[in-house]
Structure formats: structure tokens, C-alpha cells
Amino acid sequence: MKVLKFGGTSVGSAKNINNVINILENVSKNDSIICTVSAVGGITDKLLLAGKQAQNKDVGYNATFNIIKDIHFDIINELNPNNGKSLKEHVETELNALKSLLDGIYLINELSPKTSDKLVSFGELLSSFIIAETMKHRGMSVVCKNSQELIITNSNFTKAEVNFGITNKNIQDYFNNASQKITIIPGFISKSQLGEQTTLGRGGSDFTAAIVAAALKVEQLEIWTDVSGMFTTNPKLVKQAYPIEKISYQEAMELSHFGAKVLYPPTVQPVLDLNIPIHIKNTLEPEAAGTIISNEESVSTSPVKGISNINNIALLTLQGSGMIGIPGFSKRLFETLSQEKINVILITQASSEHSICLGIDANDAEIAKSAIDVTFENEIALNKIDPIIVEKDLSIIALVGDNMKNHQGISGKMFSTLGKNNINIRAIAQGASEKNISAVILETDVKKALNSLHEQFFESKTKQLNVFITGVGNVGERLVEQIKQQRKYLKENLKINLRIAGLSNSKKMIFNEEGIDLSDWKEQLTNGENTTLDSFFEKVKSLNLRNSIFVDVTANKDVAELYAKYLRQSIGVVACNKIACSSDYENYKLLKRLSLKYNAPFLFETNVGAGLPIIQTLSNLIASGDKITSIHAVLSGSLNFVFNNFNDTTKFYDVVKQAAAEGYTEPDPRIDLSGVDVARKILILARESGMEMNLEDISNTPFLSEAGLKSGSVDCQLKYVAQFNNGKASVSLQEIPSDHPFYNLKGKDNIVMFYTQRYPEQPMIIKGAGAGAEVTASGIFADIIRIGND
């Protein structure tokens with residue numbers, strides 16, 4: 001004997017009911033089956049709506065009734081296109097009884113709990129009869145048995161309590177003598193010992209199945225739903241979530257309490273008491289393995305079995321110095337909530353006894369506040385405690401696992417992961433059993449929290465990066481293409497799942513939180529929505545994706561001024577734009593502080609030397625305890641190109657124009673020619689060396705020196721040189737003799753020589769291409785990868 005239960009979604013359409021019938025037909029080849037079914041999906045809510053409308057003298061109940069009627073007859077017609085006359089007649093009779101009941105409610109203007117139970121019973125009675133008769137018409141051995149004749153309760157309407165002595169005997173007597181292969185019974189409904197129609201409350205169909213399974217002591221209870229078992233977390237919010245193959249009763253109860261909707265814990269208590277396993281299966285994917293819930297220990301590589309959440313939470317805080325050392329405050333608080341029938345979901349109290357925090361359903365918050373303020377009216381008047389504080393728009397997230405108690409550092413990993421993603425924790429609760437660690441956070445942070453925690457505890461150490469790029473011109477376009485080319489390599493070899501979630505140019509922007517399809521990104525951007533710098537920021541902020549990185553591939557001052565806003569949202573910044581790091585020193589330090597405070601990386605390697613690892617090398621020297629004594633560098637690939645190609649056969653204008661055309665200069669070449677670009681670069685290196693300095697502190701010698709004009713030497717080359725020495729920095733055009741390292745610097749190359757305490761005579765030299773779209777894009781890409789590797 002097997003007991004199977006199918007929920008509302010599983011019987012929500014003719015197509016799904018056909019799936020149910022196929023499953024029952026296959027299973028019944030080897031076993032006798034008892035099948036519990038819910039009402040057709042959505043019908044219970046519509047029955048209650050019609051009842052409320054009738055009670056309120058709203059004639060709209062007639063329209064709601066007609067919708068209910070149409071849904072059932074549409075299903076019948078699709079299931080039995082040529083053979084459903086007797087079925088339709090019976091359903092018509094039941095619906096006429098339903099209409100009479102609604103008319104009565106309308107006339108007397110009353111909907112009692114007793115009448116409400118009678119009203120909602122129609123849903124399961126109709127669905128079970130339709131399914132059973134359809135199976136009969138298809139030649140199957142099936143009987144529809146009214147569970148009201150089996151399950152006997154008290155008269156506590158809407159949530160009746162079962163008389164298990166009578167109920168178990170009824171079930172055993174009936175099924176021990178049943179000859180049919182398949183028995184269909186309606187879930188949720190029952191009768192009192194006085195013969196009144198009652199219902200079993202929330203999750204009632206699960207309860208019906210569990211009662212029958214326990215009474216017959218079957219080997220396993222199967223609950224069929226619209227998902228393939230219990231998932232590691234909510235698959236609608238976390239795409240990487242996957243079904244849990246095996247889970248303990250306690251873990252399942254914890255996950256279900258904290259939002260996993262697959263089952264309602266109190267309803268499966270009868271099978272838990274007898275250690276009968278529960279198998280969660282998917283009606284739409286019957287071949288999927290599903291989840292087995294039992295007392296057997298499962299072998300798992302992760303101590304965390306699942307992550308769950310509850311939304312719409314309000315946090316109540318009772319606090320005051322008058323609570324310290326005074327017994328009875330907690331008792332009075334919980335008694336007050338109990339009297340108002342308010343369920344407490346989470347409790348936390350500081351050891352100082354100065355405050356107690358409670359998490360409750362936000363819909364109960366105002367009632368709770370009023371009742372608690374009345375209870376403690378005297379203490380509030382004497383300023384011993386404060387009026388209750390209510391915070392809304394919150395959610396509870398919870399890590400669940402039987403084995404968490406045997407592993408150190410689970411809480412630390414949880415809270416550090418949330419902290420790294422700028423998710424503020426309002427309250428924490430953890431029992432001594434350590435099977436559950438709960439935290440209260442903003443509801444707007446739930447998706448990011450679940451994704452971050454799932455990545456930390458369940459994924460193969462693959463880090464997802466969500467990149468938002470502003471500026472898709474020469475360099476930006478190449479960056480997008482490099483990312484497109486390397487995505488598979490990064491995922492397979494570096495365990496970095498890099499997605500471009502947003503792109504913008506000066507006119508348009510596009511977003512996709514699952515990652516933009518880069519095969520036609522240019523076309524998408526052309527057809528994107530209008531953009532401003534602020535609207536792009538607000539969209540990035542509202543998406544609230546974990547490991548978000550803003551990438552600035554512009555030379556725009558207004559874009560640079562937004563870095564602080566991004567960092568304050570824990571959004572990393574990768575900048576090709578050197579304006580921010582060469583701006584006023586206080587702004588530079590602010591960005592550094594914000595990066596540390598909000599754990600948001602701020603990287604700008606391409607500010608100096610395009611893709612050359614100049615800033616990273618400098619940072620490593622400083623971090624290892626070395627001290628910079630001086631820097632000598634040629635830092636402008638564009639000017640180096642100009643002076644290497646400017647001779648007596650070329651015009652200066654033409655060489656500059658060629659440098660701009662090949663992407664070596666700034667968008668405005670005057671920035672290069674004025675020496676300002678080089679000055680900014682040596683300023684950044686000086687600051688990264690630990691020097692407090694501003695741009696105006698740098699000596700910028702006029703473009704062609706008098707000595708250069710008068711020089712008669714031909715055994716020299718002109719190079720635009722940046723220097724930092726003894727706390728002072730300068731940029732100038734210099735004549736470089738043939739024995740100098742700068743002399744043979746070709747094309748667009750840069751060179752930097754670091755003299756340090758460890759390299760006092762022979763400097764550390766970094767040399768290579770210092771301009772060009774491809775190398776600059778690769779430098780930005782390298783910064784993004786560095787963030788992924790941290």
C-alpha cells in the first residue's frame with residue numbers, strides 16, 4: 001500500500017491532472033494506492049472570496065461563483081471530451097448546492113466558521129470526484145472515498161483537532177477490506193463527532209495524507225508538488241539552487257518553518273512519530289529524484305543543508321534600564337502577545353537584560369505595539385522602559401543543518417559573507433542545538449543575501465562577479481569583447497563566473513541581472529533606454545546584486561565624482577579614468593577610506609601605464625615594508641609615440657593626429673601635450689607611495705625647454721619624463737643620452753624605475769606598451785579578475 005498526496009498546482013489544470021493520472025497508473029501496477037488530492041489550484045481562495053462578498057452584500061459573489069463553475073467544467077470538458085455526462089450532472093448538482101449556500105450567506109449577512117468550513121469543503125469534494133470519475137472512464141480500478149467518513153474531529157471549525165482513536169479505526173477498517181487498486185480521497189476536509197463538516201486548517205491535505213499513512217503504517221508517504229523536492233534555497237531567487245537528495249526530519253522542519261513552502265511541519269507529525277519517510281516529488285517531472293525526509297543520517301560535504309527565508313517581518317524591541325535585574329518582563333511580554341494570538345517567529349535578548357527583540361508577522365505589528373504599550377503603560381510613564389519600537393520591511397534568513405554544531409566557523413562565514421556584500425544584520429538568533437542560525441535583514445537585501453550565502457556554502461567555490469560598464473568606446477568595446485572571449489576560461493580555470501549586468505554609453509543603457517547576451521550587445525544598447533549618470537547608478541543600486549563592480553572606461557569628471565556613491569553601496573569600482581585618483585588629496589583619501597569601510601574594492605591599475613602592473617608592483621613593495629626613495633619614468637605612451645616619430649620629415653600636427661587615431665592619446669590630446677596627463681600619473685604614484693600631494697604641487701616644465709631648443713647634440717632623444725624624489729614631483733621634456741635606460745624606449749612604450757631602500761642602485765624596472773585600446777582594456781580586465789580572486 002502506498003499513500004500519495006497531490007497539491008493544488010498538481011491538479012490545477014487538465015494537463016496537470018493527466019500527469020497525475022499517468023503517475024497513479026504507473027505506480028498502481030505494483031501497489032495499491034491511496035491518493036489524497038487538494039482542491040483545484042486557486043479554488044479555495046475563490047470560495048473564500050465568494051463567501052466574503054456574499055457576507056458583505058456584494059453581488060459580485062455571483063461572478064466569482066461563475067468563475068469557479070467555469071474552471072471546473074473547462075477541466076471536465078478537456079479531460080472527458082466525449083464521455084462526461086454523468087460526471088457533469090454530479091458536478092452540476094454540487095455547484096447548485098454551493099450556489100444555494102452562497103445565496104444563504106448573502107441573505108443572512110453572516111459567514112460563521114462553521115459555514116466557512118462547509119463552503120471551502122466543496123473544493124476538495126469536486127476535485128477528487130472529477131479525478132476519480134475520469135480515471136473510471138479510462139478503465140482504471142478506482143473508487144472515490146469521502147474522507148469525511150474516515151477522519152473524525154472535534155467541532156473546532158477551520159482548524160479541527162483529530163480524534164485519532166476513532167479515525168485510525170475507520171481508516172484501518174475501510175482499507176483492510178477495500179478491493180480497488182486506487183482510492184481517491186479529498187484532503188483537508190473532515191467531520192466532527194456530531195456530523196458537522198470541519199476542516200483541518202493550513203496544510204490540511206498534507207495532514208490528511210499523513211493521518212492515513214500513519215494509520216496504515218505504510219513504508220513511505222509521497223507528497224507530489226510543483227517542485228523537485230526541497231531545494232538548497234529558493235530556486236526562484238537563486239538560479240544555482242538544487243534539490244536536496246536526503247534530509248532529516250529536523251532539518252526539514254527548520255527549513256519549512258523559515259519559508260520553504262513544500263510542506264507545513266505540524267501536518268506531517270503523524271508520520272514523524274512513526275519514523276515513516278516522506279518523499280517529496282514533482283508532478284511535472286516525475287522522473288526527478290526529489291527529496292527523501294527521514295531519520296537516516298545523510299552523508300553531506302556541507303554542514304549546511306539549506307538556506308531559507310521569511311519575508312514581511314516586523315522587529316519589535318522592548319528596551320529600558322528598568323528591565324535590568326527585574327524578573328517578569330519576558331513573561332508579561334509573551335503573555336500579552338499570546339492573548340492577541342500573535343505568533344513569535346524569532347526571539348533574541350542581550351545578556352545585559354536591557355532589551356528584548358521579537359520577530360513577528362508585519363501584519364500583526366500595530367496590534368502588538370498597542371497591546372504591549374498598554375501592558376507596560378506604568379513603566380513607560382515612569383520612564384523605566386521605552387515605548388515599543390517597531391521596525392518593518394524586514395526578513396529573516398536562516399542557515400539550517402544538523403551537522404553545523406560539529407563545524408567551527410559557520411556563523412563567522414555567514415556574517416562575513418553578508419558583511420562583504422553590505423547587508424546589515426538587525427538581529428541574530430541561534431539555539432544551543434546549532435541546527436539553525438537566523439538573522440534579520442532588510443527585505444530588499446534578501447535576494448543578494450541568499451545568492452551570496454548559497455555561493456559560500458553550496459557552490460564549488462565559484463565566485464560570481466556582476467559588472468556594470470560605463471563607456472563602451474574604443475577601450476570599452478575591447479573590454480567587452482575580451483570578457484566575452486574569456487568567460488568560459490575564467491569559469492573553468494579560475495572559478496569566476498563573470499557577467500556583464502549593465503552597459504551604458506553617453507545616450508543609452510541596458511541591464512540584465514542574469515547577464516547581458518554579448519552576442520549582440522551593440523544592437524541591444526542602440527535600442528536601450530535613455531540614460532543619465534544618476535539613472536545608471538540608481539539601477540545598479542536597485543538590482544542589489546552580490547559582488548557588483550562599476551567599471552569606468554571614460555575620461556569624464558562627472559563619472560569620477562560618482563565613485564563615492566558606488567563605494568558606499570559596497571559596489572566595487574575599477575577605474576580607467578584617472579581624474580578621481582588625481583583629484584584633491586582629500587577626495588582621494590575619502591575614496592580609499594570608503595573602499596575599506598564598505599569592503600568595496602577600488603582598483604585603478606590602468607591609471608598609470610595602461611596594462612602594465614605598475615601600481616600593483618608599487619603596492620606590493622609598500623605592503624612588504626619597502627620604502628620608495630625616488631621614481632623616474634616615461635609615463636605617456638602617446639608622447640613617447642609622438643617624439644619617436646617626430647623628425648625633420650614629419651609635421652608635429654600629423655604625428656599627434658596619428659597617435660590619436662591609433663588610440664594612444666586621451667580623448668582630448670591637449671591633456672597629453674600639456675603634460676597634465678603625465679603629471680596626474682606621477683601624482684598617483686607619489687600618493688600610492690605614501691606621499692600627501694596635490695596636482696598643483698607638481699612642477700610642470702614648459703613643453704620644449706630653452707636648453708632643448710639650443711642644444712647642438714644629436715646623440716640624444718627627447719622623452720617626456722616624470723620624476724618623484726625627496727617628496728617632490730615634476731614632469732618635463734628631457735634630453736636622454738644614449739646610455740640611459742630611457743633612450744631605446746620605442747613607439748608607445750612606458751618605463752618606470754622604482755628606487756627603494758631595497759633597490760638603491762639598480763632600480764626595479766617595469767617596461768612595456770603604455771598606451772593602446774587592447775592593452776588598456778586588458779589592464780581593466782586584470783583588475784576585475786583580481787577582485788574575483790580575492
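This is a predicted model: local features need pLDDT of at least 70, side-chain atom pairs count only at pLDDT 80 or more; totals for chains, interfaces and linings use all residues.
## About the model

Residues are numbered from 1 along each chain as its sequence is written. Local features need pLDDT of at least 70, side-chain atom pairs count only at pLDDT 80 or more, and totals for chains, interfaces and linings use all residues, while side-chain values use heavy atoms, leaving out hydrogens and water.

## Aromatic pairs

How many aromatic pairs does a search of the whole structure find? There are 14. Rings of Phe, Tyr and Trp (its six-membered ring) pair if their centres lie within 6.5 Å; planes under 30 degrees apart are stacked, over 60 edge-to-face, and the rest tilted.

Phe550 and Tyr563 make an edge-to-face pair, 6.5 Å centre to centre with 65 degrees between the planes. Phe550 belongs to strand β22 (residues 548-552) and Tyr563 to helix α19 (residues 563-568), so this pair ties together parts 13 residues apart in sequence. Helices (H or I, at least four residues) and strands (E, at least two) are DSSP runs, numbered from the N terminus. Phe550 is buried at 2% relative accessible area, and Tyr563 is buried at 0%; buried means under 20%, exposed over 50%, and partly exposed in between (1.4 Å probe, protein chains only).

## An aromatic cluster

Phe550 and Tyr563 also belong to one aromatic cluster, whose members include Phe468, Phe511 and Phe604.

## Charges over rings

Lys57 lies over the face of Tyr106, 4.5 Å from the ring centre. Arg332 does likewise over Phe329, at 5.9 Å. Such a charge has NZ of Lys or CZ of Arg within 6 Å of the ring centre and within 35 degrees of the ring normal.
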